[in-house]
Amino acid sequence: MALSRLASSSSSSSRFADLLKPLCSAISLRRPISTDTTPITVETSVPFTSHQCDTPSRSVQTNAKELLTFFRDMALMRRMEIAADSLYKAKLIRGFCHLYDGQEAVAVGMEAAITKKDCIITAYRDHCTFVARGGTLLEVFAELMGRQAGCSRGKGGSMHFYKKDSNFYGGHGIVGAQVPLGCGLAFAQKYSKDEAVTFALYGDGAANQGQLFEALNISALWDLPAILVCENNHYGMGTAEWRASKSPAYYKRGDYAPGLKVDGMDALAVKQACTFAKEHALKNGPIVSVNLPHQLEKTLVFFITHFSVYVNCVIFLMPKAHQATEYNTLLEYCACFKLFYILEMDTYRYHGHSMSDPGSTYRTRDEITGVRQERDPVERIRKLILSHDLATEKELKDIEKEIRKEVDDAIAQAKENPLPESSELFTNVYAKGLGVEVYHQNHGSEYTGGHERSFGADRKEANFISFDPTHTVKKPCENHETAEVERKSPAFTG
Amino acid sequence: MAAIFQGVGAAAALSSSPSNSFDSKKFVSSPCRSFSVRKGASFAVVRSDGRVNLNPKGGRAQQLISNAVATKSDSAAAFSSSKPGHELLLFEALQEGLEEEMERDPRVCVMGEDVGHYGGSYKVTKGLAKKFGDLRVLDTPIAENSFTGMGIGAAMTGLRPVVEGMNMGFLLLAFNQISNNCGMLHYTSGGQFTIPIVIRGPGGVGRQLGAEHSQRLESYFQSIPGIQMVACSTPYNAKGLMKAAIRSENPVIFFEHVLLYNLKERIPDEDYICNLEEAEMVRPGEHVTILTYSRMRYHVMQAAKTLVNKGYDPEVIDIRSLKPFDLYTIGNSVKKTHRVLIVEECMRTGGIGASLIAAITENFNDYLDAPIMCLSSQDVPTPYAGTLEEVTVVQPAQIVTAVEQLCQ
């Protein structure tokens, strides 16, 4: 850095500058690592396993910029979760706090494969997914501590992070309930012809919920662009998966729905799988077959997508379609037209289920340290970066220091942030007020229980004006007028 | 005259006494109902006292026909506007409301069991699938939990689904979705998402349908924060409330009643909506306020006839809005009559009546001359046998006795 500064500042001696130029350029070759987009091909750690479909290739295209972004994002998430741990122990975060450290690769890899137009919905272990979708650290910590600057204004808490503008739909406390919601998001995408997909995440514990299979059935029936992602960290709170599930092959549970098992600790494998799934969820035409005339191609696609029962006939009639060389049989090729997908991410969480769970009563410490040593997602990316010579050890450490500072700053800022006002208690219960929000200014923040207070939607005072601002006050005599008119009529004389 | 419960059985089944046939002539109140000419506005909000909320200054008080059944005799005098209106059954009114809203807003879609090709188990969605296609009128598999969840998920993105429970009782399977996701998401997301969903379906005690198909879910749902509940009772308010519910940004649970689908009434041709939070003044009076909703409105009106004969002057209010209560209308009525009788179909324990008693006592205790009386269904599973079923719900004779007791 000093040399380049010297070179740029020396305008006097051109020869000196010329001499330094090659030196500078030699150094600067390694300098702009964060913007280098030359493609690098990396092999995933473990091959993919598939059910009812073909597997994506093990070779993933990436570049230096992406790898460094992965490193930065995952290190940030890791640091954020550890900081949340300390804050919880300091009693600044209360209630439930489910930490995601160990599983960062899923959030980061998925984000790299999709756009902000695609929707993500997940369960309660949502801090890192929120950050991956564009949430700021301040919003995270403020929400965890119940402050106004939180993403849900302090009213949601750890399990209710949402970010509407980047299509992150939360943040749900009830196990499995978010999966039908996710299929609803996919339905809306299909309805509005959004050309986007929804990733509905759930855990191995939620995989045994009935509503999941209900949603799966409807999504497959209606061809919704939904991708169900099982983040299998092998423990449903304290119950290991072999004790909870008869079949731990969650990617096969879709039966007719294609499934893919992915190494969830490898961000690049996650990225590859999500790209693959999204592509197939949106695909309307055949992958190959340039030899078929266009109209025939369309007919083939129509038949395959709508009458997959009759696929065998189509194969018989259209031998040319066998150009689909990537697939062993045309059936497998056709199966990929199914719009529906299940991805199983084989991942691991270092912390217990939540902060009240030590995480060591149902698994050994050796297991945890073993996974940390062999499969840690951040370490994998770090090794990749170092082996491809994309940055030095020191540079990565600097990034981590930077991140640490960022997190500490965000925490400090969040601590300064005020708690919500008491009037916030009644806001956002209904859209547009509906009288639940307190209209009387004089009650302040005292819980006096005086009769001017509105306790809730049905505790309006008699002289309270309804939410409609143009509504004029009804005087009692007006009712009597109508009553008079009523009496005059011959009605009710029995 | 026009048969009230067409196809649902003889009118005698309504009450035990044979003389209480619904002779709708006697129910006609002041016949003039008119609606101001639309001045560019696409709809008029009609208040329960008939006032049209088009221009805040003007709008002379119009009388609303408060009888439930239209008759040939009053149809000529019924409207002083240019358009005569049209007669239809309650389920057709709901269908009209749905159809008009689906035409008006492409985001409105209907999902439920057998709503599409079958036309709806009570024919409320008949013809909609042919008109709007399979993507807007969706036949779901029998999976209430997930399709209600899907409706809520779709609503989060801005669609306006109308989810039908074939019977309200089946929605118990979707209780988690309704309570946690539908009711609370607006709050827990700090206002980021609104859930403009309508969850509708028939409930209430029918004609020997058995215990599981005769449930009153309004008592279970009433505690859920963030939802609105309305109960329709006439074709007029059914259509109006349906349209208002679809247009509302809040999740609305729309209670219909199995026995009211074949009610006939003449409703206006114009586009109109009813205020979701407002109660309907069915019959103004002086002596006692009778609060009721849904099917019990008709039992009350029947009892009102007898009461008037006996010299009482009951004020009958159809509360319509079960959450939140229209304490404004109710309060004014209590201040006038000082006696309250609540007639409902919910169970005695934890029903709408129980909450209403609490609300009125809390707010209007000083105006009451007597303790509030509440007539509700018995705290039993609804039996199958006809005679037992009759005793489970409140009958007009009981209402008469209660008023007499109250007015002593």
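This is a predicted model: local features need pLDDT of at least 70, side-chain atom pairs count only at pLDDT 80 or more; totals for chains, interfaces and linings use all residues.
**Stop 1: a helix in chain B**

Start by selecting residues 90–104 of chain B, which form helix α2. The helix has 15 residues, and at 1.5 Å a residue they should span 21 Å; the C-alpha atoms at its ends are 21 Å apart, so the two values agree. Now show the side chains. Which residues of α2(B) are buried? They are B:Leu90, B:Phe91, B:Ala93, B:Leu94, B:Gln95, B:Gly97, B:Leu98, B:Glu101 and B:Met102.

**Stop 2**

B:Glu101 and B:Lys243 form a salt bridge, with 3.7 Å between the closest N and O atoms. B:Lys243 sits in helix α8 of chain B (residues 235–247) and B:Glu101 in helix α2, so this pair ties together parts that are 142 residues apart in sequence. Both B:Glu101 and B:Lys243 are buried.

How far apart are the closest N and O atoms in its salt bridge with B:Glu101? The distance is 2.9 Å. B:Arg247 is in helix α8 of chain B and B:Glu101 in helix α2, so here the parts tied together are 146 residues apart in sequence. B:Arg247 counts as buried because its relative accessibility is 17%.

**Stop 3: follow the chain of charges**

From B:Arg247, go on to B:Asp271. Their side chains meet in a salt bridge too, at 3.6 Å from N to O. B:Asp271 lies in the loop between β9 (264–267) and β10 (272–274) of chain B while B:Arg247 is in helix α8, so the pair links parts that are 24 residues apart in sequence. With a relative accessible area of 17%, B:Asp271 is buried.

Now widen the selection to B:Glu96, B:Glu100, B:Glu101, B:Arg104, B:Lys239, B:Lys243, B:Arg247 and B:Asp271: salt bridges with shared partners join them into one network. Over all chains, the count of salt bridges comes to 43.

**Stop 4: a helix pair in chain A**

Switch to chain A and select α15 (residues 377–387) together with α16 (residues 393–416). Their axes come within 10 Å and cross at roughly 145 degrees, and the crossing is right-handed. Which residues meet here? From α15(A), A:Arg382, A:Ile385 and A:Leu386 meet A:Glu393, A:Leu396 and A:Glu400 of α16(A). The contact is made up of 3 nonpolar and 3 charged residues, with no polar ones.

Then click on A:Asp389, in the loop between α15 and α16 of chain A. Its phi is near 60 degrees, a positive value in a residue other than glycine.

**Stop 5: backbone details**

A:Asp255 also has a phi near 60 degrees, and it is not a glycine either. Look for A:Asp255 in the loop between α9 (241–244) and β9 (259–263) of chain A.

For a cis peptide bond, select A:Gly170 and A:Gly171, where omega is about 15 degrees. A:Gly171 is in the loop between α6 (137–144) and α7 (178–191) of chain A.

Finish back in chain B, where the bond from B:Lys323 to B:Pro324 is cis, with omega near 0 degrees. B:Pro324 is found in the loop between β14 (321–323) and α10 (327–337) of chain B.

Key
Residues are numbered from 1 along each chain as its sequence is written. Chains are lettered from A and ligands numbered from 1 in the order in which they are written. Side-chain values use heavy atoms; hydrogens and water are left out. Axes are lines fitted to C-alpha atoms, for helices over the stretch in contact, and angles run from 0 to 180 degrees between N-to-C directions. Helices (H or I, at least four residues) and strands (E, at least two) are DSSP runs, numbered from the N terminus. A crossing is left-handed if the near helix is turned anticlockwise from the far one by less than a right angle, and right-handed if clockwise. Contact means heavy atoms within 4.5 Å. Ala, Val, Leu, Ile, Met, Phe, Trp, Tyr, Cys and Pro count as nonpolar, Asp, Glu, Lys and Arg as charged, and the others, Gly among them, as polar. The expected span of a helix is 1.5 Å times one less than its number of residues. Buried means under 20% relative accessible area, exposed over 50%, partly exposed in between (1.4 Å probe, protein chains only). A salt bridge is a side-chain nitrogen of Lys or Arg within 4 Å of a carboxyl oxygen of Asp or Glu.
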